[in-house]
Amino acid sequence: MSIDPSRLNPETQNEIVAMAGTAASTEVHNDRLEETNWSLQEVLEELRTAEEALIQQNIYLEQERQKYHDLFNFAPDGYLVTNPSGVIQSANQAVSNLLGMRQSDLIDKPLIVFIVQQDYSLFYHQLDRQSSPPVGVASALENRQQTWEINLQPRKSNAFPAEVTVSPIYENSDTITGLRWLIRDISERKQAELEREQAAQVLAQLNQELEQRVAERTTALQKSESRYRALMDGASDAIVLLDAQGNFIEGNQTLEKLLGYSQAELRHLHMSDIHPPTELAAARERFHDVVRHEIAPLLKSIVLRKDGSQVPVEITGTWIEVDGVQIVQAIFRNITERQQAELALQESQHFIEQIAQASPNILYLYDIQSERNVYANREISTVLGYTPVEIQAMGASLFQNLIHPDDLTIIPAEYARIAAAQDGDILEFEYRMKRANGEWCWLLSRNSIFRRDSQGRVLQTIGTAQDITAQKAALLELQEYQQRLERSNVELVRATRLKDEFLANMSHELRTPLNAILGLSEGLQGGMLGSIDKRQQKAIATIERSGQHLLSLINDVLEVSKIAAGKLELDITAVAITDLCKSSLVFVKEQAFKKQIQLTTIFAPNLVKIDVDERRIRQVIINLLTNGVKFTPMGGQVTLELQIEDSIATHPGAVSAANAWILLSVKDTGIGIAPENQSKLFQPFIQIDSSLNRQYGGTGLGLMLVKQIVELHGGSVSVASEFGRGSCFTVRLPYHVSGEHQTDTAAAIDLSSNPISLAEPLPWSIDDAETAVKSPLILLAEDNQDNIFMFSSYLGACNYRLIFAENGQEAIDLAQTLLPDLILMDIQMPGIDGLEAIETIRQNPRLAQTPIVVLTALAMNSDREKCLAAGANEYLAKPFRMTQLRTTIQQLLSRSDFDE
């Protein structure tokens with residue numbers, strides 16, 4: 001093994017040279033070589049040991065470097081390094097998370113870009129302070145680390161407060177090569193500090209009030225206690241003081257009301273006694289936070305009352321000191337009403353949403369700026385076939401996709417109208433939109449301004465859209481129909497004239513055969529064609545009355561036709577109006593006597609003859625008197641009155657120059673006419689009461705004839721009526737005085753008569769029924785006397801017992817009282833009609849199975865269904881054969897016996 005001489009120390013080198021130069025003895029030379037060898041071995045061992053130590057040192061340094069790297073990257077706080085100008089050179093993962101950028105993207109970015117603008121000056125001040133070179137060795141060696149707060153702005157999220165610690169990086173102890181930054185998000189701490197500050201302010205305010213009250217009083221302890229209790233008890237919130245273990249010390253009166261305990265009972269309570277198990281853990285945790293002087297945020301909880309009921313509350317807790325003892329003050333606020341209000345608000349919002357969804361029209365909210373639909377109810381699916389989500393997804397292309405091209409051109413004008421509109425204005429706009437199936441539909445939108453920006457520009461509109469496609473089609477059809485109608489008007493006028501002429505010319509043809517019927521009836525009743533018995537006389541009388549009624553109807557129809565055709569001519573003569581009125585009263589006197597109605601007249605004195613058609617005016621007076629008697633109940637009154645307008649009554653000699661009128665009025669105390677029905681008067685074939693149970697007959701032509709005849713005389717007819725109290729019809733005729741100037745001096749007369757009773761007993765009594773139990777009992781509900789006579793004659797001959805009811809109420813009463821075996825029911829009856837009577841009878845359990853046969857002139861299919869649905873067993877439409885009625889009765893009675 002060779003040895004490098006340069007590795008030996010100088011002394012050894014000199015000795016070797018001396019030994020070689022002096023040729024010392026071999027023994028000495030060997031000894032020296034051996035020593036040198038040992039020295040070299042020791043040096044080699046030291047070198048090997050040093051090399052191993054160096055390897056271990058490198059491994060340790062690598063481990064330390066990795067540890068530092070892990071600490072740097074996984075530290076909870078943000079660490080970064082910048083150059084002295086604040087440009088980021090390295091950053092850990094925490095900084096990446098805080099600033100919302102990858103670590104690689106942060107490199108070479110100025111830190112200032114992540115600072116909110118209002119903190120720029122603070123940032124630059126601290127940067128300049130850290131980056132400035134040190135003055136002297138002492139300044140360089142001093143700790144220049146600074147900690148301060150600043151607001152950072154991440155890339156994609158909201159700004160947040162941060163605590164920043166920065167220190168310089170030195171090279172050669174006097175040159176700053178960079179800055180180390182420690183960044184910590186203190187948002188939660190700031191929020192906690194804010195809440196702590198607010199709580200401290202509330203507590204400070206309360207303490208200030210307490211101290212002020214105490215300071216203002218320097219009297220005895222009893223007064224101080226009284227003031228304290230007044231403060232506690234006057235608080236709207238419940239206040240309680242507790243020791244550190246949660247035992248109640250005292251509470252105010254509001255707490256007593258809240259929990260239902262007396263003050264003495266409260267002192268024995270623990271905080272765990274007033275919370276249900278579900279709320280106790282949270283309440284305990286919050287209480288311990290207060291005891292530990294930690295910030296305890298507001299707690300929503302539930303407290304238990306003494307009676308076991310539960311009350312929702314908000315609880316705030318504070319650690320306070322009273323007389324040197326630290327206790328917990330808890331404030332309980334009852335939030336029952338607030339929760340109810342919140343629930344009501346939610347229900348109201350739900351209600352509004354339900355209304356919007358239930359609307360038959362499209363409801364929408366449209367954003368003008370972005371030109372897109374913000375909201376639409378589900379009706380849009382029905383109208384257009386698109387869901388609200390699909391409509392919103394169309395965005396600004398909504399109009400381009402769906403509006404008709406012809407209507408797109410007027411959209412800018414609509415925008416201009418909206419921009420100029422005032423709040424509350426309703427703007428209507430018609431346009432066409434394409435449905436999902438490709439069809440076009442017309443819509444009518446009504447828009448109103450919903451929201452504006454700070455400059456007053458319209459941001460959003462709210463509106464409704466109604467599908468008017470059908471209306472548009474109907475309008476087009478109506479226009480076409482009107483055109484066709486105009487073309488047919490000429491033909492219609494001609495056809496109407498021909499119809500009126502035809503009806504007027506039928507007078508002779510209709511009267512001839514009817515005259516024979518009435519003449520023969522009169523001859524038979526007078527015995528001119530041979531003798532007849534009483535029963536035949538009654539039958540002939542029925543024929544004669546029916547013929548007279550038919551003649552009256554024909555006369556009214558023909559009169560109306562003549563007037564409409566312009567063929568009615570007036571025969572104007574001088575007529576004593578008073579005599580005419582008196583003679584007209586004779587025609588209704590018998591009717592009034594039967595109903596015990598008092599007839600009275602009130603005539604103005606000194607009435608002269610007037611020029612009128614006597615027969616036509618008599619027809620007017622009789623029609624009005626007949627209506628008055630017909631619609632006035634038993635024992636009422638009808639008055640015929642003659643008065644004069646203007647000054648003729650006092651100056652009859654001036655009649656020729658006066659514009660005067662004579663007023664003929666018929667007043668009654670009858671049923672009256674409701675205001676909504678008065679417009680139906682004077683119309684042909686119109687009955688105010690047209691229901692099944694109408695009490696009064698008639699064709700509806702009488703008042704129409706009155707109106708037309710009076711108008712032919714140049715007059716008018718008016719009515720004043722109060723429902724339930726009576727009516728007054730007034731005829732106003734021109735007072736054209738006859739040249740004879742003959743005065744009518746008739747005075748008022750009274751045609752009243754003594755009341756008479758028209759009630760007749762039933763054909764048989766209950767006592768009679770007890771002796772004839774074997775014959776079936778039939779209840780006949782019929783208001784027509786001729787039909788009653790016919791049915792009673794036939795059914796009596798068939799050995800049936802009969803009881804009679806002339807209206808629905810009588811039928812109900814007799815059925816419930818006498819329990820007949822079978823009921824024959826007419827439908828059109830006064831008072832309660834037959835349908836209602838059947839329904840009422842069926843409600844009685846004892847009459848639920850009684851056979852009911854409907855006998856009516858209502859012959860439509862729907863009429864049969866209505867009768868059977870009401871509870872009838874059979875339905876016979878008039879006219880029918882009496883044998884058919886007998887068979888029906890026998891079948892129903894035999895079936896009833898079998899069921900029993």
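Q: Why is strand β4 called largely enclosed by the rest of the structure?
A: In this predicted model, β4 covers residues 160–171. A residue is buried when its relative accessible area is under 20%. Of the 12 residues of β4, 10 are buried, so the strand counts as largely enclosed.

Q: How do you know that β3 and β4 pair, and in which direction do they run?
A: A pair needs at least two bridges. Strand β3 (residues 146–152) is joined to β4 by 7 bridges. That meets the cut-off, so the strands pair. They run antiparallel. E149 stands opposite E163 in β4.

Q: What makes β5 a partner of β4?
A: Again the cut-off is at least two bridges. Here 10 bridges join β4 to strand β5 (residues 175–185). These two strands run antiparallel. V166 stands opposite W181 in β5.

Q: Why is C728 called buried?
A: The limit is under 20% relative accessible area. C728 has 16%, so it counts as buried.

Q: What makes C867 buried or exposed?
A: Its relative accessible area is 3%. Buried means under 20%, so C867 is buried.

Q: In the open sheet of 5 strands, what makes a strand an edge strand?
A: The strand order is β17-β20-β21-β23-β22, with mixed pairing. The edge strands are β17 (598–603) and β22 (716–722), and each pairs on one side only. From one strand to the next, the twist averages 15°.

Q: How do you know that β21 and β23 pair?
A: Strand β21 (residues 661–668) and strand β23 (residues 726–734) are joined by 8 bridges. At least two are needed, so they pair. Their directions are antiparallel. L663 stands opposite R732 in β23.

Q: Which strands does helix α20 lie across, and how does it run relative to β17?
A: Helix α20 (residues 577–594) lies across β17, β20 (637–644) and β21. It runs at about 170° to β17.

Q: Which strands does helix α21 lie across?
A: Helix α21 (residues 614–630) lies across β17, β20, β21 and β23. Its angle to β20 is about 145°.

Q: What makes a space a cavity, and how many of 30 Å³ or more are found?
A: In a cavity a 1.4 Å probe fits but cannot get out. The search of the whole structure finds 3 cavities of 30 Å³ or more. About 330 Å³ of space lies in the largest cavity. The largest cavity is lined by 23 residues, and the closest to its centre are Y364, Y366, F399, Y431 and S445.

Q: Which element gives the largest share of the lining of the largest cavity?
A: The largest share comes from α17, with 4 residues. Elements that each supply at least two residues include α17 (411–420), β13 (427–434) and β14 (440–452).

Q: Which helix gives the most to the lining of the second largest pocket?
A: Helix α7 gives the most, with 12 residues. Among the elements that each supply at least two residues are α8 (221–234) and β9 (310–322).

Conventions
Residues are numbered from 1 along each chain as its sequence is written. This is a predicted model: local features need pLDDT of at least 70, side-chain atom pairs count only at pLDDT 80 or more; totals for chains, interfaces and linings use all residues. Side-chain values use heavy atoms; hydrogens and water are left out. Axes are lines fitted to C-alpha atoms, for helices over the stretch in contact, and angles run from 0 to 180 degrees between N-to-C directions. Contact means heavy atoms within 4.5 Å. Buried means under 20% relative accessible area, exposed over 50%, partly exposed in between (1.4 Å probe, protein chains only). On a 1 Å grid over the protein atoms alone, a cavity is a set of points where a 1.4 Å probe fits but cannot get out, and a pocket is an open set with protein on both sides within 12 Å along at least five of seven lines; lining residues have an atom within 4 Å of a point. Grid points are joined across faces, edges and corners, and a volume is the space filled by probe spheres set on the points.
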